[in-house]
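Here is a briefing on one protein model. Please look at the structure first, then read the points by topic.

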Amino acid sequence: MSRIERIQKAKNTYPLDVVAHRLGLRTETRGGELYAVCANPDHADRHPSMNLSMRGKYAGKFKCFVCNARGDVIDLVALALKMTTPQALDWLDGESRRAPLPAPRVVKGPNVQPLNTDLTSFAQAAYTRRSDAAARWLVSRGLASVMDLFRLGSTDAPGFDVALLPQNYDRENGRIYQHKNFLNRVVIPYIDPVGVSYVNARALGEQKPKYLKPARPQGGAVPPYLLHMMLEMSEQIFVTEGELDCLSLHAALPGVAACAVPGTQTLSERDELLFEDREVIIVMDNDDAGIKARAELERRLLPYARSVTQAYVHPDFSDVNEQLVKRGKKWSAGYWEAVRTEAAGKKVYRTAL
Ligand SMILES: [Zn+2]
């Protein structure tokens, strides 16, 4: 039998799902499609991201939506066990005497201190002590109507309790300390069912950086801003790039379900699952970073979401907040209402940049 015949025979003999189980890959069915934990040893997949196509045009093919590994059943074995094609064929046929077991999956996390796991007291103090200067700044950004709804606060009041500030970790001396650069900022709390899991703090003056985020809790992931609250509200979810853009959508269209993913690199694979069966509308900034973030988010959410629509702020503006400030609430409301309607009609709403 030639090698090509042998490959063809293996493809006909060994179904993808059976082989995935032989390789010890956990599988699950979502939306009628079969997914397995990715076979690529270099991809620490914690939930099944790899589609196993069991019927139709791509029957017998697998594809990972995260690391883009793809191929047929022989490639799957070769990938999982780091084998050549002949070795993979031998393994499938049971001819390999010492069939190796898949290496245990070790999910490596950065060795960081468990800091800032609960910032509820900090956010609460910032909200109750919000200064007039901070309120004026929020009003100037068009956010008057949402600053209480979403508990926006500030740390510029005289005598703000330093002991409540988010912490930092000094690797040199192993010391944990309160991060005083969080003073004199607007505080945007990430409100979720268990309290405040994270904050972003925007400079009120000229201090750098403009946005200051606390050291992340173990694992490095940041939850999408307001997502848990929004999941209760609608099947259709807007995803913006920044928290202020998300708040601007809420100000323009009261009752809209909008969350923010400020930085796709801090979005955990676990949180991708929260978008399961939602109609996702992505609105990133009109710049290079925004274009990159759009593509990345579409790739990561497409396996879970019912639909993913790319929507854009008007090309005259760089982000949702600028559009709100410069064109006003009424104009913005009409604009986003049109986007929402187009997306609900399952049309992909794209305006050329
Ligand atoms: Zn993968």
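Two residues are in contact if their C-beta atoms, placed from the backbone, lie within 7 Å. Helices (H or I, at least four residues) and strands (E, at least two) are DSSP runs, numbered from the N terminus. The model is predicted: local features need pLDDT of at least 70, side-chain atom pairs count only at pLDDT 80 or more, and totals for chains, interfaces and linings use all residues. Residue numbers start from 1 along each chain as its sequence is written.

**Overall picture**

- The protein chain contains eleven helices and 15 strands.
- Its C-alpha trace spans about 80 × 55 × 30 Å along the principal axes.
- A residue is buried if 20 or more other C-beta atoms lie within 10 Å of its own, exposed if 12 or fewer, and partly exposed in between; these C-beta atoms too are placed from the backbone.
- Of the 353 residues of the protein chain, 37% count as buried.
- Among contacts with a separation of 6 or more in the protein chain, 60% link residues 24 or more positions apart.

**Confidence**

- pLDDT is the predictor's confidence in each residue, from 0 to 100.
- The protein chain averages a pLDDT of 87, and 91% of the residues score at least 70.
- Residues 97–109 have a pLDDT below 50; this stretch has 14 contacts in the model beyond near neighbours in sequence.
- Residues 347–353 stay under 50 in pLDDT, with 14 contacts beyond four places in sequence.
- Where pLDDT is low, the predicted coordinates should not be read in detail.

- Seven of the nine residues of α3 are buried, so the helix is largely enclosed by the rest of the structure.
- The buried residues are Val 73, Ile 74, Leu 76, Val 77, Ala 78, Leu 79 and Ala 80.
- Their cover includes α1 (3–13), α2 (16–22), β4 (62–64), β5 (70–71) and α4.
- Two packed helices are described by the angle between their axes and the distance between the axes.
- Axes are lines fitted to C-alpha atoms, for helices over the stretch in contact; angles run from 0 to 180 degrees between N-to-C directions.
- The axes of α3 (residues 73–81) and α4 (residues 85–92) come within 9 Å and cross at roughly 100°.
- On the α3 side, the contact uses Ile 74, Val 77, Ala 78 and Leu 81; on the α4 side, Thr 85, Ala 88, Leu 89, Trp 91 and Leu 92.
- The residues of this contact divide into eight nonpolar, one polar and no charged.
- Ala, Val, Leu, Ile, Met, Phe, Trp, Tyr, Cys and Pro count as nonpolar, Asp, Glu, Lys and Arg as charged, and the others, Gly among them, as polar.
- Just after α3, Lys 82 has a positive phi of about 50°.

**Parallel sheet**

- Two strands pair if DSSP finds at least two bridges between them.
- Four strands, in the order β13-β12-β14-β15, form an open sheet with parallel pairing.
- β13 (258–260) and β15 (307–310) are the edge strands, each pairing on one side only.
- Neighbouring strands of the sheet are turned by 25° against each other on average, direction ignored.
- Five bridges pair β12 (residues 236–240) with β14 (residues 279–283) in the parallel sense.
- Thr 240 has Val 283 of β14 as its bridge partner.

**Hairpin**

- β7 (residues 167–170) and β8 (residues 175–178) run antiparallel and are joined by four bridges.
- Tyr 169 has Ile 176 of β8 as its bridge partner.
- The two strands form a hairpin with four residues between them, and Gly 174 in the turn has a positive phi of about 70°.

**Loops and backbone geometry**

- Lys 208 and Pro 209 are joined by a cis peptide bond, with omega about -10°.
- Pro 209 sits in the loop between β10 (195–203) and β11 (211–212).
- Asn 68 is not a glycine, yet has a positive phi of about 70°.
- Asn 68 lies in the loop between β4 and β5 and counts as exposed, with 10 C-beta neighbours inside 10 Å.
- Asn 184, also not a glycine, has a positive phi of about 65°.
- Asn 184 lies in the loop between β8 and β9 (185–192) and counts as partly exposed, with 19 C-beta neighbours inside 10 Å.
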